[in-house]
Amino acid sequence: ELDHRDHPRGGAVSTSAPPVRTGRAGGLERTPAVEPAEPQVIAAEPAAPPSPPPVPGLPQGVPATHVVQPGDSLWSIARTGLSLATGHAPDDLADEEIAAYWTTVVEANRTKLRSGDPNLIFPGEVLELPPAG
């Protein structure tokens, strides 16, 4: 049963939603129909920029540069670079192999070293890792 006080005079009663109690004694109201929400479109993540082409002589994924970190030495950098370039574990490399590559790394970077001395490098310096040959 509907209470005529809840509706305008002469107005039609909407049947779009079931009546609900309003808290007034005996009063009923119609609640508005709820429209379904629009589907949300989520944009895909942008693709990562393409990787630069590999340096000849280095396997793909081997960096062509190295940023000096605290505790690095040109020897440790040459050892790691040679290990990555050859695919051999660092412990499997002979000192003679590392020394030859160390010389190549020193020559490629001598003018870039802030100190000019290959025995004194600073964190943040960017060193070129030439192809292992």
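Predicted model: local features only at pLDDT ≥ 70, side-chain atom pairs only at ≥ 80, totals over all residues.

**Salt bridges, helices and core**

Biologist: Okay. What does R79 form a salt bridge with?
Modeller: With D91. The closest N and O atoms of R79 and D91 are 2.7 Å apart.

Biologist: Where do R79 and D91 sit?
Modeller: R79 is in helix 1, and D91 is in the loop between helix 1 and helix 2. They are twelve residues apart, and the pair links distant parts of the chain.

Biologist: Is D91 buried or exposed?
Modeller: D91 counts as exposed, because its relative accessibility is 68% and the cut-off for exposed is over 50%.

Biologist: How many salt bridges are there?
Modeller: The count comes to three. One of them joins the side chains of E107 and R110, at 3.3 Å from N to O. E107 is exposed at 53%, while R110 is partly exposed at 36%.

Biologist: Which side chain does E128 meet in a salt bridge?
Modeller: That of K112, at 3.3 Å, N to O. This pair also links distant parts of the chain. E128 belongs to strand 4, residues 126-128. K112 lies in the loop between helix 2 and strand 4, 16 residues apart from E128.

Biologist: And how accessible are E128 and K112?
Modeller: E128 has 31% relative accessibility, so it counts as partly exposed. K112 is partly exposed too, with 43%.

Biologist: Let's zoom out. How many helices and strands are in the chain?
Modeller: Two helices and four strands. From the N terminus on, they run β-β-β-α-α-β.

Biologist: At what angle do helix 1 and helix 2 pack?
Modeller: About 110 degrees, with their axes 9 Å apart. Helix 1 and helix 2 are therefore roughly perpendicular to each other, because that label covers 65 to 115 degrees.

Biologist: Which residues make that contact?
Modeller: Helix 1 brings L74, W75, A78, R79, G81 and L82. Helix 2 brings D95, E97, I98, A99, Y101, W102, V105 and V106.

Biologist: What kinds of residues are they?
Modeller: The contact between helix 1 and helix 2 divides into ten nonpolar residues, one polar and three charged.

Biologist: Tell me about D95. Buried or exposed?
Modeller: D95 lies in helix 2. It counts as exposed, because its relative accessibility is 52%.

Biologist: How far apart are D95 and W75?
Modeller: In sequence, 20 residues. In space, they are 10.0 Å apart, C-alpha to C-alpha.

Biologist: New topic, the core. How many residues does the largest nonpolar core have?
Modeller: It has 14. Those with the most contacts inside it are L74, I77, Y101, V105, I121 and L127. Helix 1 (74-86) and helix 2 (95-109) are the elements that give two or more residues to this core.

Biologist: Why would such residues sit together?
Modeller: In soluble globular proteins, nonpolar side chains tend to be buried together.

Biologist: Pick V105. What does V105 touch?
Modeller: L74, A78, E128, L129 and P130, if you leave out residues up to four places away in sequence.

Biologist: Last one. What share of the chain counts as buried?
Modeller: 21% of the 133 residues. As for contacts with a separation of 6 or more, residues 24 or more positions apart account for 46% of them.

Definitions and conventions
Residues numbered from 1 in each chain as written. Heavy atoms only, no water. Core = buried A, V, L, I, M, F, W, Y, C linked by side-chain atoms within 4.5 Å. Buried < 20%, exposed > 50% of the residue type's maximum accessible area, 1.4 Å probe, protein only. Contact = heavy atoms within 4.5 Å. Axes fitted to C-alpha atoms, helices over the stretch in contact; angles between N-to-C directions. Parallel < 35°, antiparallel > 145°, perpendicular 65-115°, else oblique. Nonpolar A, V, L, I, M, F, W, Y, C, P; charged D, E, K, R; others polar. Salt bridge = Lys/Arg side-chain N within 4 Å of Asp/Glu carboxyl O.
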